[in-house]
There are 2 protein chains.
Amino acid sequence: MINGVLCDLSGVLYVGDQPVAEAREAVISLAAAGLPIRFMTNTTRKSKREILSKLAGMGLDVADEDLFTPAVAARTHVKEQGLVPHLLIHPNLESELGDLAGSNPDAVLLGDAGPAFSYANLNHAFRILIGGAPLLAMGMNRYFRENGGLSLDMGPFVRALEYAADVQAIVLGKPAPTFYRAAVESLGLEPHEVAMVGDDYEADVDGALAAGLQAILVRTGKYRPGDEGRIRHHGATVCDNIGAAADLIL
Amino acid sequence: MINGVLCDLSGVLYVGDQPVAEAREAVISLAAAGLPIRFMTNTTRKSKREILSKLAGMGLDVADEDLFTPAVAARTHVKEQGLVPHLLIHPNLESELGDLAGSNPDAVLLGDAGPAFSYANLNHAFRILIGGAPLLAMGMNRYFRENGGLSLDMGPFVRALEYAADVQAIVLGKPAPTFYRAAVESLGLEPHEVAMVGDDYEADVDGALAAGLQAILVRTGKYRPGDEGRIRHHGATVCDNIGAAADLIL
């Protein structure tokens, strides 16, 4: 029994700049059937506004409050804890998170900084961490698929800094249970009534199952043969794409 | 009973461009007492020739065959396995290892590339690894101390690529037992007769103890209070510096 859906974006609705063929119809048919949907991404290379505009360009009008991003979760966490983070993030997120930073940082906040993951920037973050500051990570994703193939996401750089400073990161995006909880609560449902659809066997599938949700792995985006076998929890379903997932849910 | 000594370089004999005050006298007094010494570094930011010249500049004339570097171990491994590696190394090592590379790589060889650890270079290496190529690492050191403070060594970047491609690196420098074995064999001694002196509680101390050697941690270089407690094996000795270590050995 599925009464609500959480839908990943990159790799499920689009790959790089290319929409997944079945995506628009699938989302529209779920909505038409009265199933509430929330969108949950770990993308931290684009601001929330840019993501919403990309979805609109595909013919999907998503309300601001229906899109859950790690940047929003990061702002909540930083404010709750009263932290002043050093930011190692993509330039596109500066407009959304830049005001959190200060000249005397007591934390490091990491996103998928892409080319900003330079040796100098990582070394700067390391020196703050070795002084005892906590490491906040907007995700732990290993890689994603874009136009030119698979590319490194933020997870590897979180691991690098964890190892260098001998610390463990606090993860704020998927697969953090708190991140899943926020989206499930906004649906007014219990976790077991909600299905997460994603192309990441860890952040989407294992993360959702660990948080008590149902989970569907799609064979698009970064999916690689054998990913089914890498899921640690029991109970995942596998579908060829978001269209097949919507059919199954309905 | 110590009949031979393996001596780490950076952090023990010098820190950045600054010799450790006690270093020259300590090495000379060990040699004068008839104790054979080999030098074992995980530095991969300088060629063997540059390292020997740096030691000579401190008044320490070390023979080429008495200096064990990960670059030499890497060449041996790559040739034995018949591999053609993609190199992600410091420009200073190009003269020493550049001839090993080819246009159709079937392995990735990583050194402390320093500023060459760019997002683009790491992504390039990742794409070769995700295709199934083995990852060869010249060390796993977390950081080192140079003139400006602690700086990231190669270990964090090895961890990043291991996590991204879900592989485990083959380590060729310290703490690899094969690397220790080569140096001990050159002394014509048994491991338990040989003491390793280093400032790295993992690569130098745990590595040597795991390989059956004795080990002395010095409180210079990258040493940080509490490092004694991070050693996993029993039996390490701690000295303030190489001078105190030489006194102890003699």
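A salt bridge, as the term is used here, is a side-chain nitrogen of Lys or Arg within 4 Å of a carboxyl oxygen of Asp or Glu. In this predicted model, that rule finds two salt bridges across the interface of chain A and chain B. In one of the pairs found by the rule, B:Asp166 is joined to A:Arg142, with 3.9 Å between the closest N and O atoms, a distance that falls within the 4 Å limit.

On the side of chain A that touches chain B, at least two residues each are supplied by α5 (119-129), β9 (143-146), β10 (149-152), α6 (155-165) and α8 (201-210). The largest share, seven residues, comes from α6(A), and the residues of this side of chain A as a whole divide into 17 nonpolar, seven polar and eight charged. Between the two chains, 18 residue pairs are counted in polar contact.

How much area is buried between chain A and chain B? The value is about 2700 Å², and carbon and sulfur atoms give 60% of it. Within chain A, the residues that lose the most area to chain B are A:Tyr119, A:Leu152 and A:Tyr163, which together account for 31% of what that side buries.

The arrangement of the two chains can be followed next. Chain A is superposed on chain B by a rotation of 180° with 0.0 Å of shift along its axis, at an RMSD of 0.0 Å, and this is the relation of a two-fold axis. In contact are 32 residues of chain A and 32 residues of chain B. Because 100% of the interface residues of chain A are also interface residues in chain B, the copies meet through the same surface.

How values were computed. Residues numbered from 1 in each chain as written. Chains lettered and ligands numbered in written order. Predicted model: local features only at pLDDT ≥ 70, side-chain atom pairs only at ≥ 80, totals over all residues. Heavy atoms only, no water. Least-squares fit on C-alpha atoms with pLDDT ≥ 70 in both. Contact = heavy atoms within 4.5 Å. Buried area = accessible area lost by both parts, 1.4 Å probe. Polar contact = N/O pair within 3.5 Å; in protein donor to acceptor, adjacent residues only side chain to side chain. Helix = DSSP H or I, 4+ residues; strand = E, 2+ residues; numbered from the N terminus. Nonpolar A, V, L, I, M, F, W, Y, C, P; charged D, E, K, R; others polar.
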